[in-house]
Amino acid sequence: MSATDRRLTDSIRFNLIMQSEFPLNALVLASEALRIANQNTGRNFFAWTFVTENGQPVRASNGMWLSPDTGIENMPKADVYLLFEGNLPTQLNSPKLMGPIRTAARHGAVVGGVDTGVFGLADAGIIGHQDDLDVVLHWEAAASFLERYPEAVLRDQIYMVTGREAHCAGGVATLDMVLELIARYRGQALANEVANALVHTRRRATVPQRGSGLPEVDDRQLSRRLVRLMEENLEYPLTNSELADELGISPRTLSRACNRAFGQPPMRLYMSVRLQAARNFLFYDDFSISEVALACGFSYTAVFSRVFKRQFGQTPREFRGYLRERQNLAFRPELRRILVSPTN
């Protein structure tokens, strides 16, 4: 049997590696696309294994617990390794996990990250360094990633499949990326057939992650550029005049366009953008409160805490404390059982 014939009969194997707080919707879309490809062809073109680091059940971001097929040490050799991470992209990337991912990349497998999975790939030294800068991840975690890997080039697109890498922003973008991988191994026709079965229209990799959320008016492009400019200048916020200069318009035109699109003046919008970025830092990373404040343009932590509470109803410390308390239960299921059991 030739190498080509063997490739057509052997299954293309995926290892779907789940980290605590991973996005369940992304995992379901990935595995369902592979299942439907097999179902519609009547052949086992694809095989997949659900993996966790220690082989124990893991908690998804929606609170559901999933049992894996195996642990990282016993997972089979695969053609594609996808790391599913979500709300805790930095806290759980242990050497036990990083080693096998690094080995898989070194031996020529496609290694990818879903949602915030590229944090793990960067921790493993696979991406985000001088020779490999292009990265795609969920837009909410972009600022946190750049704080850790300032040389990285974040692409505002839903996924990227290049050579031996596959990144996507999570959510429905996971389906688009897996369809691209199906097309790579088994052809465009099968990928389109799977998309149709899932009532989905395939999207190009370069589609932006976020819609503008704006009505179709003449200045919608200006509004997108304005928000992007604000997001790119968090630590040292620009003045109203500086924003206008960067956009090539007058301050008066900027004010009118911002009020039409967002119902508020530019500086108030800017504050909302900075506070949302701060919330994302607190959600995804473990930077100190003062570090988050400085990264989002607040010179004084007390001022930051006051405006954060006005926006979200909790101080930054309260927000992170509640979030971590809830997420920490995912690390120790036996502790969770004791906490909810009645006292003997």
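Reply: A charge sits over a ring if NZ of Lys or CZ of Arg is within 6 Å of the ring centre and within 35 degrees of the ring normal. In this predicted model, the charged end of Arg 210 sits over the ring of Trp 139, 4.0 Å from its centre. Arg 274 likewise lies over the face of Phe 298, at 4.3 Å from the ring centre.

Phe 298 leads us on to an aromatic cluster, which it forms with Phe 304, Phe 308, Phe 312 and Phe 319. Let's turn to the helix. Helix α13 covers residues 301-312, and its twelve residues reach 16 Å from first C-alpha to last, close to the 16 Å expected. Its buried residues are Phe 304, Val 307 and Phe 308. They cover an arc of only 105 degrees around the axis, so they lie on the same side of α13. Ala 302 and Arg 310, on the other side of α13, are exposed. Just after the helix, Gly 313 takes a positive phi of about 80 degrees.

Now for the ring pairs: there are nine aromatic pairs, counting centres within 6.5 Å. In one of them, Phe 281 and Phe 287 have ring centres 5.9 Å apart and planes at 70 degrees, so the pair is edge-to-face. Phe 281 is buried at 3% relative accessible area, and Phe 287 also counts as buried, at 17%. Phe 304 and Phe 308 form an edge-to-face pair too, 5.7 Å centre to centre with 65 degrees between the planes. These two are four residues apart in helix α13, so about one helical turn separates them. Phe 304 has a relative accessible area of 0%, and Phe 308 is likewise at 0%.

Key
Residues are numbered from 1 along each chain as its sequence is written. This is a predicted model: local features need pLDDT of at least 70, side-chain atom pairs count only at pLDDT 80 or more; totals for chains, interfaces and linings use all residues. Side-chain values use heavy atoms; hydrogens and water are left out. The expected span of a helix is 1.5 Å times one less than its number of residues. Buried means under 20% relative accessible area, exposed over 50%, partly exposed in between (1.4 Å probe, protein chains only). The arc is that of the directions from the helix axis to the C-beta atoms. Rings of Phe, Tyr and Trp (its six-membered ring) pair if their centres lie within 6.5 Å; planes under 30 degrees apart count as stacked, over 60 as edge-to-face and the rest as tilted.
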